[in-house]
Amino acid sequence: MSQHPSDPYRTPQATPPARSLPRRDMRNAIGGSVAQPAAALTSQPPQQSLELAQRYELLHRLGVPTVANEDFDDMASDMAERAGFLYGFVNLGLEKQKFVGLHQPPADSGYVIVGRTMSRDHGWCPEVMARRKALPLHDVHASPRFSGNAVVDAVGIRSYFGAPLIHESGVVLGTVCVIDPEKRPLSEARRIRDITINTGAQVMDHMSRAPLR
């Protein structure tokens, strides 16, 4: 993937775009209980409040923290590297989207450095959660429905592939996804989609079976 200084998608690190995602903070401490923010539940429409409460209850039952996690970071990195994408995420759909797993370019790369949270109104992961199936966008501008998105302008995204995290109980916890400032050939779409689907299955298996670091 080109890192040439003339790359139109490069963003100066010192002055990120005004609509950029939150910049990366210090890594949160691992562990702690999964608490349901009362304000988050009461401020949502009834159906969304129910779904949010179900997610928190399931995460608590599984013992899955809602903070940055080394295991999930490793899974996000593996997914992004196998797909050949700059960014990879393990994302919980809570009162905000929370990236408990994150892979992104180095801080001095010139690309946008993202934070661990994002509004529920941004990006394509809320669509993936609602449709409960993978969403492959080899070129986001090829579809008017998906090209108009704050993330497109803030990060300069041209390709997105995401898959839902669905527990065996039917509760949708979030997504895994990869994004990149370069579009992908349509011929690559199936391979990249399958990588995200397989990673989603691995994340759910890990949540259900393995202790988290």
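I began with His167: apart from neighbours within four places in sequence, His167 touches Leu58, Leu62, Met204 and Ser208 (contact means heavy atoms within 4.5 Å). This is a predicted model, where local features need pLDDT of at least 70 and side-chain atom pairs count only at pLDDT 80 or more, while totals for chains, interfaces and linings use all residues. Residues are numbered from 1 along each chain as its sequence is written, and side-chain values use heavy atoms, with hydrogens and water left out.

**Entry: more on His167**

I placed His167 in the loop between strand S5 (159-166) and strand S6 (172-180). Helices here are DSSP runs of H or I with at least four residues, strands are E runs of at least two, and both are numbered from the N terminus. Is His167 buried or exposed? His167 is buried, at 8% relative accessible area. The cut-offs I used: buried is under 20% relative accessible area, exposed is over 50%, and partly exposed is in between (1.4 Å probe, protein chains only). I also checked His167 against Ala201: the two are 34 residues apart along the chain, with 9.5 Å between their C-alpha atoms.

**Entry: His206**

I found His206 in helix H7 (residues 189-209). His206 counts as buried, at 15% relative accessibility. What is the C-alpha to C-alpha distance between His206 and Val64? I get 9.8 Å, for two residues 142 apart in sequence.

**Entry: the whole chain**

I counted seven helices and six strands in the protein chain. Along the sequence they follow the pattern α-α-α-β-β-β-α-β-α-α-β-β-α. The chain has 213 residues, and 50% of them count as buried. I then looked at contacts with a separation of 6 or more: 66% of these are between residues 24 or more positions apart. The accessible surface is about 10,200 Å², with 52% of that belonging to carbon and sulfur atoms. Areas come from the Shrake-Rupley method with a 1.4 Å probe; for residues, only the protein chains shown count as cover.

**Entry: aromatic pairs**

How many aromatic pairs does the structure hold? It holds three. Rings of Phe, Tyr and Trp (its six-membered ring) pair if their centres lie within 6.5 Å; planes under 30 degrees apart count as stacked, over 60 as edge-to-face, and the rest as tilted.

One of the pairs is Phe85 with Phe161, edge-to-face at 5.9 Å centre to centre and 90° between the planes. Phe85 sits in the loop between helix H3 (70-83) and strand S1 (87-93) while Phe161 is in strand S5, so this pair ties together parts 76 residues apart in sequence. Phe85 is buried at 5% relative accessible area, and Phe161 is buried at 1%.

Another that I looked up is Trp124 with Tyr160: the ring centres are 5.2 Å apart and the planes are at 45°, so the pair is tilted. Trp124 is in the loop between strand S3 (117-118) and helix H4 (125-131) and Tyr160 is in strand S5, so this pair ties together parts 36 residues apart in sequence. Both Trp124 and Tyr160 are buried.

Back at Phe85, I noted that the charged end of Arg184 sits over the Phe85 ring, 4.1 Å from the ring centre. For this, NZ of Lys or CZ of Arg has to be within 6 Å of the ring centre and within 35 degrees of the ring normal.

**Entry: cavity and pocket**

I worked on a 1 Å grid over the protein atoms alone: a cavity is a set of points where a 1.4 Å probe fits but cannot get out, a pocket is an open set with protein on both sides within 12 Å along at least five of seven lines, and lining residues have an atom within 4 Å of a point. Grid points are joined across faces, edges and corners, and a volume is the space filled by probe spheres set on the points.

I found one cavity of 30 Å³ or more. The largest cavity has a volume of about 100 Å³. Which residues lie nearest its centre? Of the 12 lining residues, these are Phe89, Phe99, Met118, Cys177 and Ile179. Strand S2 (97-103) and S6 are the elements giving two or more residues to that lining.

The largest pocket holds about 360 Å³ of space. Its lining has 14 residues, with Glu51, Arg55, Arg120, Pro126 and Met129 nearest the centre. Helix H2 (46-62) and H4 each give two or more residues to the pocket lining, and the largest share, four residues, comes from H2.

**Entry: Arg132**

Last, I checked Arg132, in the loop between H4 and strand S4 (135-137). Phi of Arg132 is near 60°, a positive value in a residue other than glycine. Arg132 is partly exposed, at 42% relative accessible area.
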